[in-house]
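Visitor: I am new to reading protein models. Could you take me through this one, feature by feature?

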Amino acid sequence: MSTAYQAMPLWVLLSSLLAAAIIFALGEGHPRLRIGINLAAALLKLVLVGVMLLGVRAGHEFIVRLPLVPGIELILHADALSMLFISLSAILWLATTIYAIAYLEDSPNRARFFGFFSLCVAATMGIATAGNLFTFFVFYEMLTLATWPLVVHRGTSKAMQAGRSYLCYTLGGSAVLLLGIVLLHSLAGPQEFVAGGTLADYAGSNPQALAVIFALLITGMGVKAALAPVHGWLPTAMVAPAPVSALLHAVAVVKAGAFGIVRVVYDVFGIELTQSLGFAEMLAVVASITIIYGSLRAIWQTDLKRRLAYSTVSQVSYIVLGVALANPLASIGGLVHLVHQGLMKITLFFCAGCYAETHGIHAIDELDGIGRRMPWTTAMFTLGALGMIGLPPLAGFVSKWYLGLGAVAGGQLWVVGVLLLSTLLNAIYFLPILHRAWFKPPPEADDGLAEAPMGLLGPTLFAGLAALAVGLFAGFDWSPLAWVELLVEREYSP
Amino acid sequence: MTLLDGLLALLLLLLAGRCVTAASLLQAIVAFIVLGLLLALSWVRLEAPDLALAEAAIGAGLLGVLLLGTWRRLPAGSGEQETPWPWQGSAQAIAALGCVALAVVLALALHETTLGPAAAGTAALAQLEAAGVDQPVTAVLLNFRAYDTLLEMGVLLMTLIGTLMLRRPLQDGALAAPATPLPQSLARLFLPPILLSGLYLVWAGAYSPGGAFQGGAVLAGAGVMLALTGLLRGSTRDDLPLRCLLVLGAALFTLSGVLLIPLTGHFMAYPDDLVTPLMVLIEFSLAISIALSLMMLFTGTPGLCRTRP
Amino acid sequence: MTEALPVLLVFVPFLAGLGQFVLGRAAPWCQQFVSGLNLILVLLLSSAVVHGDPVIADLGGWGEPLAIHLQADGLAALMLLLTAVLAVAVSLYAIPAFRDEPRPAWRFWTLWPLLLASLNALFLSRDLFNLYVTLELVTLGAIPLVLLAGPNKTVDAALRYLLFALLGSLVYLAGVALIYAQAGTLDLALLPAALPEGTLSGPLAAALIITGVLIKGAILPFHIWLPAAHGNAPAAVSAILSALVVKAAIYLLLRLWTGPLEPLVSNDAGQLLGALGATAILFGSWQAFRQSRLKLVVAYSTVAQLGYMLLFFPMAVTAAWQGAVYHGLAHGIAKAALFLAAGNILYYLGQDRLEALRGIDRPLAVSLLAFGLAGVSIMGLPPSGGFTAKWLLLSASLQTGQWWWTTVLIAGGLLAAGYIFRVLRLAFLQADDATAPHHGPVPGPLMAWTATALALLALALGLISAPLLDLLGEMPGGTS
Amino acid sequence: MTGFDPFALAAAGLIAFGLYGFCVCGHPLRRLLAINLVGNGVFLALILIARRLPDGPDPVPHAMVLTGIVIAVSATAFGLALIRRQARPEDGGND
Amino acid sequence: MSLTSVIASLLIAIGTGFYLAGTVGLLRFPDIHSRLHALTKADNTGLGFLAIGVALLSGSLRLAVLIALVWLLALVAASVACHVIARYALDKRNTDPGPPA
């Protein structure tokens with residue numbers, strides 16, 4: 001196997017990193033060239049990811065090692081779990097880029113925006129392919145830094161406040177994470193991500209230390225995953241432009257946190273150790289609390305994007321919950337939600353962006369009758385919302401179904417209760433919106449058809465239909481569900 | 001003679017105390033200058049006549065002129081201080097306590113180390129034959145540890161550049177020559193013997209107390225005298241020959257160190273048959289640079305010119 | 001052949017400075033040549049050091065214990081490398097920065113090679129008294145450079161700097177005197193064996209030397225001269241001062257602590273120094289956060305960042321050694337980039353009050369990028385040299401069981417993020433009116449890209465630490 | 001107190017007075033004087049140390065003192081120029 | 001103790017006495033001119049006595065000549081210095097009737 005092929009993760013990473021560098025170097029001067037490069041890079045990445053997907057499916061593991069600090073390597077490692085995240089981000093990067101190009105047309109500082117946007121995706125790629133905690137941390141921080149300019153992009157004082165809150169939370173979180181990583185390093189030396197974990201030997205000798213480390217790592221990542229009570233940054237970050245919110249919620253930041261938690265539980269501590277030390281239970285409780293809390297808060301939001309943000313707080317915790325339940329079925333549910341939630345949430349945010357951009361609508365009570373004026377957009381919004389609620393056969397249902405199965409199988413029936421309650425709450429905060437959009441009369445006079453421009457609508461349609469498809473065709477061979485089943489199989493039978 | 005030593009030490013301490021606590025700045029400066037002279041005397045007592053010469057010429061003489069000249073340029077009444085005594089404030093008291101403690105420990109440490117080997121010093125005395133000069137201090141300065149001396153010339157040059165940047169000459173129109181012609185006549189009378197003794201000191205450095213620094217300081221003193229009496233004044237025009245002379249010492253020193261590497265195999269080593277002439281050459285060039293640098297530190301101008309009546 | 005390298009490193013720039021002085025007008029190209037040659041010489045020297053024993057030059061050939069030796073070991077080679085890289089960058093940057101001012105330009109191009117020679121001399125010296133002379137050279141070269149920003153504006157800062165520096169070096173010299181009294185030699189290599197034990201003057205000398213160096217290095221109680229001097233100097237000079245000149249003092253401390261002073265110092269002294277460093281980190285960062293002028297923010301950041309290097313002393317293991325030295329490198333590069341970027345902003349705006357920075361990201365995009373990237377290293381976020389250093393120090397603190405330094409390191413990083421983002425956010429804030437008043441032209445590409453190149457290098461240091469740490473080697477005299 | 005060299009006391013005293021002056025005095029010229037006191041104390045101490053050699057005074061500390069004096073004086077001269085500039089900043093160009 | 005050394009000691013003692021008187025004058029006299037009067041007279045004469053005493057003690061002609069030269073130069077320098085100071089004080093009093101700063 002040639003080294004160039006072996007180094008695929010590096011190329012995937014570089015495809016967005018170099019794009020970012022070129023965009024920065026070009027400056028504001030060459031918009032067409034910039035857009036071309038951006039799209040070309042996104043397409044190239046998609047192709048590369050496709051190649052890798054084939055490889056991993058065939059059982060190949062890509063791995064690149066760079067010595068970084070004495071005794072510590074930067075490892076880029078593409079396994080099945082990485083591919084789940086990578087594919088999602090590669091596809092959604094393309095969609096979001098197209099969307100953002102249309103969304104930000106004629107607004108200032110676009111080069112800066114797209115540069116950091118690409119950087120953000122590069123960081124996500126790094127997080128997905130990180131082969132040890134150290135590498136993970138490197139890209140995790142890079143993500144923090146690359147996202148901040150996007151959050152404050154508008155440069156208003158509100159955006160600045162959001163940026164400050166974002167930084168306070170995430171930098172605080174990464175400090176905690178770093179502490180955890182250093183402690184782990186001093187306890188056990190360099191640890192790579194290996195299915196089943198590598199810390200079993202230390203469980204007997206030093207359980208307190210492991211508990212502390214686990215708590216630190218999960219707290220550090222929980223900040224980005226917006227676990228309650230450290231979710232505060234997410235709703236305020238809603239001031240960012242819609243594509244940024246979409247990216248933040250569906251792919252990059254929140255998912256990075258959730259993905260990190262998955263890595264820690266699966267590949268650092270290992271499911272058995274997590275369970276035997278009692279961490280899994282605690283994590284499940286925290287996730288459940290976040291699910292309910294986020295949904296409750298969402299009900300009282302009047303701003304569309306804020307309501308979606310609290311919805312994210314709630315939905316991302318499904319992933320954590322799935323992992324924390326620590327049995328194969330629940331794990332399938334949690335992991336597949338990583339993809340499903342991403343597709344659904346990005347659809348919803350794209351729609352919110354369309355509303356805002358086309359008609360200047362931000363608040364929910366302005367949505368009256370929007371379905372007649374923007375039927376396609378609203379249809380996609382409906383798809384996403386119903387999927388979130390978990391209506392069969394949409395994507396959300398698949399996730400919740402497996403989670404429920406897992407809870408039953410694991411004998412944790414209270415989780416089923418949580419799921420049901422959450423579904424009810426989801427319905428409470430989504431259905432009124434749908435009702436307004438479709439059945440309420442539009443405000444006087446202007447009820448002409450005014451759909452969003454194609455550059456916005458296209459990605460929205462694509463994301464919405466994809467969200468629909470992953471639910472409908474969940475049984476197919478190449479669906480995320482099938483992939484996750486494969487993955488969980490590998491994880492639980494080392 | 002212990003009585004004299006004790007008296008000297010006591011006077012040094014009293015003057016130091018006076019220098020710190022005097023209410024008027026002028027008194028503090030005067031105390032400092034007198035202290036410098038007494039220090040020179042003490043160093044003669046401590047078998048260090050060349051250092052005494054240097055201290056008297058540079059430390060007390062030249063520095064004294066500089067201090068007084070600067071004092072003149074301060075606004076009247078500046079630098080008066082009200083509360084120099086330890087009992088006049090808690091900060092003072094703490095500082096005093098700390099310094100007393102330090103003094104006690106230092107004195108004990110100095111007392112403790114009155115005996116012991118000195119490998120470097122012994123080696124210097126043992127290798128004096130090869131150094132090209134008979135005077136141990138000159139040998140150390142120009143040969144054994146020539147590198148220090150060379151870098152020191154760099155310090156001199158840099159402070160000179162810094163001083164010139166400030167454009168605050170000590171010797172300018174504000175300091176008019178006295179109405180009486182006597183000082184000028186005196187300066188004319190004294191110039192030849194001073195120059196002679198300065199050059200002699202440089203030359204004598206090879207075998208008896210003296211050397212480039214002492215001689216250079218005396219020559220600079222001659223310049224200062226001329227400047228003070230108005231025979232010479234600073235000018236804002238700097239010219240090439242002057243700049244060349246200012247770096248002459250350092251440049252010659254470095255170049256001879258570098259160019260002779262093929263002959264000796266070491267940087268700043270001198271072949272045996274050339275060592276004495278080289279030492280003398282370097283010593284004189286250093287003295288010229290030192291004298292000019294010190295003088296221009298005094299005038300604070302980038303150039304010098306004669307005053308024509 | 002290799003023995004000539006240390007000598008050339010000192011004398012090539014020294015003679016260049018003298019030549020420039022005699023020439024009497026600015027000749028920037030000469031300095032470009034010198035800094036390039038200097039870099040080549042340092043690279044040659046580093047390759048010689050990494051392949052074998054330290055390179056030693058015996059000046060005058062008088063041998064131990066009399067002669068002064070120049071010695072380049074791993075630590076010295078790294079510091080020389082830092083100096084050489086920064087010399088190239090700063091020399092390039094200074095061409096446009098001093099172009100319009102012929103007289104200051106001449107002084108800059110005279111003093112800067114002399115200062116470069118002094119720094120090289122300091123890093124190469126193996127003699128306690130010669131170190132005193134080089135310390136003085138470095139300081140007295142640095143202060144006139146500060147004055148280049150205009151004597152009226154900088155005279156207070158320069159005077160304060162001079163007073164503290166003089167006091168520091170004399171206190172150091174007092175320590176050297178006591179050491180010589182006991183050991184009879186000044187050679188660093190001979191001192192550990194020559195120092196008798198159980199004397200009063202040994203620890204006293206160590207204390208004096210350390211205090212003197214701390215004053216020169218602007219460590220916390222003695223930091224008060226630094227912000228004004230570094231904040232008011234021209235940008236190129238501030239970069240040299242913060243990245244190299246104060247670093248030289250800390251370098252000296254590292255060198256002496258692990259060498260001649262090793263038998264004289266106790267663990268308690270190390271803890272005390274560590275505590276000073278920790279206080280410097282917290283206090284300096286806090287002060288940086290409160291400043292209202294950009295260059296003062298950066299200057300106080302130096303006060304804080306120097307503290308990290310002091311954390312070596314309480315831990316004194318190889319990881320801490322590597323961490324401290326690597327922090328020196330990373331901070332040097334990053335801080336130079338920060339000052340150059342700040343200089344560009346100052347050049348454009350004519351002032352550096354923070355509120356004037358609103359919305360300047362358009363004209364100064366590249367400089368701000370440099371500021372941000374260098375800030376990453378200053379904050380100790382990955383991937384950057386600052387992070388690598390912080391990681392090493394963190395590991396060392398856990399390895400030695402001194403967990404309290406961990407909290408300091410992490411808190412310091414967060415505070416640094418505070419002041420860096422405080423600047424960056426202003427640049428992102430929308431200006432009230434589109435055409436904000438500005439003073440000068442947009443800095444040219446040379447000014448903007450030298451800063452960016454340095455900032456990128458600071459990040460790259462996070463990826464290429466292995467060969468550099470190899471060059472550094474283990475802690476001298478350390479067992480672990 | 002047998003054999004306690006009075007000059008050792010003087011050297012320690014000069015250094016201590018100088019440090020005290022540096023701490024207590026506010027005016028830069030006074031601080032400069034204080035620093036020079038410290039310097040003189042250190043030089044005196046070095047000369048005392050030079051006397052330990054049985055066959056004549058040790059030239060190495062003497063050379064150190066000579067170097068030190070020149071450095072101290074040139075730095076002081078520079079400091080005095082700074083003080084003069086500080087006292088009269090208004091005139092003169094800003095080059 | 002030889003006769004020369006007795007004479008020399010006597011001369012040195014006399015010289016010291018002059019110095020003492022001069023110093024007392026410097027400290028006690030009210031204005032600058034009378035102080036100068038005390039100082040220079042006493043100093044020059046005192047130095048002369050001292051020089052002769054020391055020259056006698058040294059017992060070498062070369063040293064004696066050198067000492068004489070030193071005394072001569074000091075004499076000239078002191079007189080001119082005294083003159084300049086006096087002149088300065090006089091000028092100052094003429095131009096500026098207020099108390100000296």
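Guide: Start with a pair of helices in chain A. H16(A) and H22(A) are oblique to each other. Keep in mind that this is a predicted model.

Visitor: How is such a pair described, in general?

Guide: Two numbers do the work. Packed helices are described by the angle between their axes and by the distance between those axes.

Visitor: What are the angle and the axis distance for H16(A) and H22(A)?

Guide: The angle is about 135 degrees, and the axes are 9 Å apart. Angles over 145 degrees would count as roughly antiparallel, and 65 to 115 as roughly perpendicular.

Visitor: Is the crossing of H16(A) and H22(A) left-handed or right-handed?

Guide: H16(A) passes H22(A) in a right-handed crossing. From H16(A), the contact uses A:Pro328, A:Ser331, A:Ile332, A:Leu335, A:Val336 and A:Val339. H22(A) supplies A:Pro480, A:Leu481, A:Val484, A:Glu485, A:Leu487, A:Val488 and A:Tyr492. By class, that makes 11 nonpolar residues, 1 polar and 1 charged.

Visitor: Next, the backbone. Which residue of chain A has a positive phi although it is not a glycine?

Guide: That is A:Ala326, with a phi of about 60 degrees. A:Ala326 sits in the loop between helix H15 (304-325) and helix H16 (328-359) of chain A.

Visitor: Is A:Ala326 buried or exposed?

Guide: Count the neighbours. A residue is buried if 20 or more other C-beta atoms lie within 10 Å of its own. A:Ala326 has 24 other C-beta atoms within 10 Å, so A:Ala326 is buried.

Visitor: Which residue of chain C has a positive phi without being a glycine?

Guide: C:Ala218 has one, again about 60 degrees. Its place is the loop between helix H8 (201-216) and helix H9 (226-232) of chain C. C:Ala218 counts as buried because it has 31 C-beta neighbours inside 10 Å.

Visitor: What does an exposed residue look like by that count?

Guide: Take B:Gln88, in the loop between helix H3 (49-73) and helix H4 (90-112) of chain B. B:Gln88 has 12 C-beta neighbours inside 10 Å, so it counts as exposed. B:Gln88 and B:Leu66 are 22 residues apart along the chain, and their C-alpha atoms are separated by 31 Å.

Visitor: Where are the cis peptide bonds you mentioned to look for in chains A and C?

Guide: In chain A, a cis bond joins A:Pro392 and A:Pro393, with omega about 0 degrees. A:Pro393 is in the loop between helix H18 (375-389) and helix H19 (395-409) of chain A. In chain C, the bond from C:Pro382 to C:Pro383 is cis, with omega near -10 degrees. C:Pro383 lies in the loop between helix H15 (365-379) and helix H16 (385-399) of chain C.

Visitor: Let us look at a whole chain. How many helices and strands does chain B have?

Guide: Chain B has 12 helices and 2 strands. Their order along the sequence is α-α-α-α-α-α-α-α-α-β-α-α-α-β. The C-alpha atoms of chain B fill a box of roughly 65 × 60 × 35 Å along the principal axes. Of its 309 residues, 50% are buried. Among contacts in chain B with a separation of 6 or more, 72% are between residues 24 or more positions apart.

Visitor: How do I judge confidence in the prediction?

Guide: Where pLDDT is low, the predicted coordinates should not be read in detail. Chain B averages 85, and 94% of its residues score at least 70. Within chain B, strand S1 (residues 232-235) is lowest at a mean of 78, while helix H2 (residues 25-45) is highest at 93. Chain C has a mean of 89, and 98% of its residues reach 70 or more. In chain C, helix H7 (residues 191-194) is lowest at a mean of 85, and helix H3 (residues 74-97) is highest at 94.

Visitor: Which pair of chains has the most contacts?

Guide: Chains B and D, among the 5 pairs that touch. Chain D gives 67 residues to the contact and chain B gives 77. On the chain D side, H3(D) has the largest share, 23 residues. That side has 46 nonpolar, 12 polar and 9 charged residues.

Visitor: Which chains have no contact?

Guide: Chains A and B are one such pair, with their closest C-alpha atoms 39 Å apart. Chains C and E are also without contact, and their closest C-alpha atoms lie 27 Å apart.

Notes. Residues numbered from 1 in each chain as written. Chains lettered and ligands numbered in written order. Predicted model: local features only at pLDDT ≥ 70, side-chain atom pairs only at ≥ 80, totals over all residues. Contact = placed C-beta atoms within 7 Å. Helix = DSSP H or I, 4+ residues; strand = E, 2+ residues; numbered from the N terminus. Nonpolar A, V, L, I, M, F, W, Y, C, P; charged D, E, K, R; others polar. Axes fitted to C-alpha atoms, helices over the stretch in contact; angles between N-to-C directions. Parallel < 35°, antiparallel > 145°, perpendicular 65-115°, else oblique. Left-handed = near helix turned anticlockwise from the far one by under 90°. pLDDT = per-residue confidence, 0-100.
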